[in-house]
Amino acid sequence: MINVGIIGASFARDAYLPAFAHIEGAQVVALASGRLESAKAAADPHGIDAVFDDWQAMLDAQKLDLVCIATPTIMHAPMTLAAIAKGAHVLCEKPTAMNAGEARQMLDAARGANRLHMIDHELRFNPTRMRIAELIHGGDLGDIRHVNISNIGASWANPASRPKGDWWSDAAMGGGRMGANGSHQVDMLRWWLGEPASVMGQALTVVPDRVCKHTGEPWTATADDLSHMTLEMQSGALAQVFMSGVAAANMGNETQIFGTKGSLTLSNSDEKLYFAKAGESFKDISVEDPNATLDGLNEGIWNVSVLAALQELCSAISQDRGLSQGASFVDGLRNQMVVDAVFASTQSRKWEDLDMESAV
């Protein structure tokens with residue numbers, strides 16, 4: 001039996017715990033959160049008695065085979081290093097860390113301890129996005145020339161939409177659109193197209209002056225609420241990503257991929273994948289996720305895809321093998337290098353070259 005500990009109550013409640021209920025041979029035995037009442041609220045429906053408001057106390061008290069980390073970014077590296085030191089395999093949420101230096105420490109520690117390591121880029125396990133990878137890698141689209149991705153939302157548009165102390169709005173805590181969404185987009189692009197050679201972009205704070213949604217007290221946001229990047233891939237393809245949380249209306253995530261033999265479009269509003277061969281009209285080639293109908297899983301591709309990611313990780317632990325699918329800490333480091341380069345480009349206002357081969 002794989003004994004699992006989770007740090008962070010919110011994503012545990014929404015995704016991890018419902019998913020683990022469908023994984024034979026794994027049981028969540030402990031949960032830690034910054035607030036004990038949050039830990040209890042998430043753990044009680046699943047019969048988990050060992051709850052903590054101190055994650056270090058949880059690691060000291062429990063013999064855990066796997067630790068899942070879903071906390072503010074600033075805690076990813078110290079929690080990962082501590083869990084590995086206790087002998088646990090680790091699943092860490094994105095973005096990997098505060099910077100590539102921390103991501104390298106995490107990778108080196110996992111390798112040194114011979115522990116499995118995964119970053120929860122769960123959409124690598126989404127059947128529709130797996131189909132995109134198959135079409136690209138199988139040559140059905142020909143040579144990829146360019147990719148356009150937009151992620152437009154309104155959740156940060158109102159200055160009074162966020163509470164004071166919101167870590168997602170605090171750059172010192174690792175918040176912001178580049179980490180929250182940009183890391184996913186970079187991972188998708190690397191998975192589909194291979195490594196990037198150079199990147200140019202900006203991570204901007206468009207609405208810094210904010211008012212607490214609970215108290216009306218003014219406060220200042222420091223994390224990016226609007227970010228964009230252009231990646232020049234080693235293959236020669238050009239990928240453009242635009243992410244905004246400050247639009248007046250939600251428009252969701254739109255992906256367009258253009259190759260010499262065909263084009264793909266995917267919208268997360270309906271999760272419909274359309275493919276057009278050169279000279280032909282678009283046809284629906286959407287793929288259903290069989291896990292979406294399982295009892296207890298919350299709706300949405302993020303919550304559903306977590307199950308397959310955890311199944312692969314737990315299977316690898318049980319079989320004492322490496323991961324056959326998913327994003328490892330190597331991917332996490334390479335994704336972090338791109339994210340770091342966008343922040344550097346924001347200051348330099350120039351292209352930033354990437355040495356992805358150094359992250360091995």
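Helices and strands are DSSP runs, numbered from the N terminus. The model in these views is predicted.

**View 1. A cis peptide bond joins K94 and P95.** Omega of this bond is about -15 degrees. P95 sits in a loop. That loop runs between β5 (89–92) and α5 (100–112).

**View 2. N114 has a positive phi.** The angle is near 55 degrees, in a residue other than glycine. N114 belongs to the loop between α5 and β6 (117–119). Its relative accessible area is 61%. Exposed means over 50%, so N114 counts as exposed.

**View 3. D320 also shows a positive phi.** Here phi is near 55 degrees, and the residue is again other than glycine. The loop that holds D320 lies between α8 and α9 (329–348). D320 is exposed because its relative accessibility is 72%.

**View 4. M200, L238 and W351 make a nonpolar patch on the surface.** Together, the three residues have about 250 Å² of accessible area. L238 is part of strand β12, which covers residues 238–244. The relative accessibility of L238 is 35%. Partly exposed is the range between buried, under 20%, and exposed, over 50%, so L238 counts as partly exposed.

**View 5. The second largest pocket has a volume of about 400 Å³.** Its lining is made of 20 residues. Nearest the centre of the pocket lie E271, D289, A292, G300 and I301. Two elements, α6 (127–137) and α8 (301–319), each give two or more residues to the lining. Of these, α8 gives the most, with three residues. By class, the lining of this pocket holds eight nonpolar, six polar and six charged residues.

**View 6. The structure holds one cavity of 30 Å³ or more.** The space in the largest cavity is about 30 Å³. L59, Q62, L64, V67, A83, K86 and A88 line this cavity. Five of the lining residues are nonpolar, one is polar and one is charged. Lys counts as charged, so K86 is the charged residue in this lining.

Notes: Residues are numbered from 1 along each chain as its sequence is written. This is a predicted model: local features need pLDDT of at least 70, side-chain atom pairs count only at pLDDT 80 or more; totals for chains, interfaces and linings use all residues. Side-chain values use heavy atoms; hydrogens and water are left out. Patches are made of residues with over 30% relative accessible area and no salt bridge: like charges are joined within 9 Å, nonpolar side chains (Val, Leu, Ile, Met, Phe, Trp, Tyr) within 5 Å. Accessible areas come from the Shrake-Rupley method with a 1.4 Å probe; for residues, only the protein chains shown count as cover. A salt bridge is a side-chain nitrogen of Lys or Arg within 4 Å of a carboxyl oxygen of Asp or Glu. Helices (H or I, at least four residues) and strands (E, at least two) are DSSP runs, numbered from the N terminus. Buried means under 20% relative accessible area, exposed over 50%, partly exposed in between (1.4 Å probe, protein chains only). On a 1 Å grid over the protein atoms alone, a cavity is a set of points where a 1.4 Å probe fits but cannot get out, and a pocket is an open set with protein on both sides within 12 Å along at least five of seven lines; lining residues have an atom within 4 Å of a point. Grid points are joined across faces, edges and corners, and a volume is the space filled by probe spheres set on the points.
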